[in-house]
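Subject: Structure handover

Hello,

Here is the structure I promised you. Please open it, then read the notes below alongside it.

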Amino acid sequence: MKLISHRGNTLGTKTELENNPDYIMSAIKDGFDVEIDVWSIKDRLYLGHDEPEYEVNLKFLQNDKLWCHAKNLFALEYMLLNNVHCFWHQEDDYTITSRGHIWTYPEKMIGKQSVIVCKSKKETVDTFKKSLYGICSDFVGVLI
């Protein structure tokens with residue numbers, strides 16, 4: 001099962017560090033994939049949840065361990081054109097990533113190809129017992 005760090009978090013939410021490239025690389029070094037939030041503004045790429053914060057380049061985004069959540073249309077188009085693993089969603093129950101995985105909104109039904117977002121430590125631990133492709137959570141570190 002894929003264990004996907006939510007914005008770099010692995011043992012709880014650290015809002016002040018989320019989407020920071022160093023924080024993300026630390027989670028990858030620890031063996032996790034990472035879901036990140038990507039913006040494209042005036043042909044420049046940024047990470048950040050509510051707004052663009054950290055400038056990055058295409059090479060950074062082309063890391064196979066990243067699951068890139070496009071935060072605007074320009075980011076989605078750019079990533080699709082440049083073979084970056086990406087997806088778009090807001091509150092959709094399901095969306096398909098550019099590599100064919102089913103990104104699943106919290107607390108929705110899951111299948112064997114689902115990656116579900118878990119909001120709590122308990123939900124993360126309970127979901128780990130199920131048959132699915134992956135879990136994205138701030139608490140994936142408790143599963144290893």
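Start with T124, which is buried, with a relative accessible area of 0%. Keep in mind that this is a predicted model. T124 sits in helix 4. Which residues does T124 contact, leaving aside its neighbours within four places in sequence? They are C118, I135, S137, F139 and L143.

**Around helix 4**

C118 stands opposite S137 in strand 10. Strand 9 (residues 114–118) and strand 10 are parallel, with four bridges between them. To get from strand 9 to strand 10, the chain passes through helix 4 (residues 121–127). This β-α-β crossover is right-handed.

Strand 10 (residues 134–137) has another partner. Strand 1 runs parallel to strand 10, and four bridges join the two. Here I4 stands opposite C136.

Which way do the residues of strand 10 point? G134 and C136 point one way, and I135 and S137 point the other way. All of them are buried.

**Helix 1**

Now move to helix 1, residues 21–29. Its buried residues are P21, Y23, I24, A27 and I28. An α-helix has 3.6 residues a turn, so residues three or four places apart point the same way.

The face turned away from the buried side carries D22 and K29, which are exposed. What do the buried residues of helix 1 pack against? Their partners are strand 1 (2–6), strand 2 (33–41), strand 3 (44–47), strand 4 (54–56), helix 2 (58–61) and strand 5 (66–70).

N20 caps the N-terminal end of helix 1. A side-chain oxygen of N20 lies 2.8 Å from the backbone nitrogen of D22. After helix 1 comes G31, with a positive phi near 100°.

**The hairpins**

Strand 2 and strand 3 run antiparallel and are joined by four bridges. They form a hairpin with two residues between them. K42, in the turn, has a positive phi of about 50°. S40 has L45 in strand 3 as its bridge partner.

L45 also has a bridge partner in strand 4, namely V56. Strand 3 and strand 4 pair in the antiparallel sense, over three bridges. They too form a hairpin, with six residues between the strands. G48 in that turn has a positive phi of about 160°.

**The cores**

Nonpolar side chains tend to be buried together in soluble globular proteins. The largest nonpolar core here has 19 residues. Which of them touch the most other members? They are I36, L61, C68 and M79. Helix 1, strand 2, strand 3, helix 2, strand 5 and helix 3 (73–81) each supply at least two residues of this core.

I36 lies in strand 2. It is buried, with a relative accessible area of 0%. Not counting residues up to four places away in sequence, I36 touches N19, I24, L47, F60, L61, L66, W67, C68 and H69.

Then take L61. Leaving aside neighbours within four places in sequence, L61 contacts I36, V38, L45, L47, V56, L66, C68, M79 and V84.

**A buried asparagine**

Last stop: N72, in the loop between strand 5 and helix 3. Is N72 buried or exposed? N72 is buried, with a relative accessible area of 13%, and the cut-off for buried is under 20%.

What lies close to the polar side-chain atoms of N72? The backbone oxygen of S40 lies 2.9 Å from one polar atom of that side chain. The backbone nitrogen of A75 lies 3.0 Å from a polar atom of the side chain. Not counting residues up to four places away in sequence, N72 touches V38, W39, S40, I41 and W88.

Best wishes

Technical notes
Residues numbered from 1 in each chain as written. Predicted model: local features only at pLDDT ≥ 70, side-chain atom pairs only at ≥ 80, totals over all residues. Heavy atoms only, no water. Buried < 20%, exposed > 50% of the residue type's maximum accessible area, 1.4 Å probe, protein only. Contact = heavy atoms within 4.5 Å. Polar contact = N/O pair within 3.5 Å; in protein donor to acceptor, adjacent residues only side chain to side chain. Core = buried A, V, L, I, M, F, W, Y, C linked by side-chain atoms within 4.5 Å. Pairing = 2+ DSSP bridges. Right-handed = clockwise from strand over helix to strand, strands pointing away.
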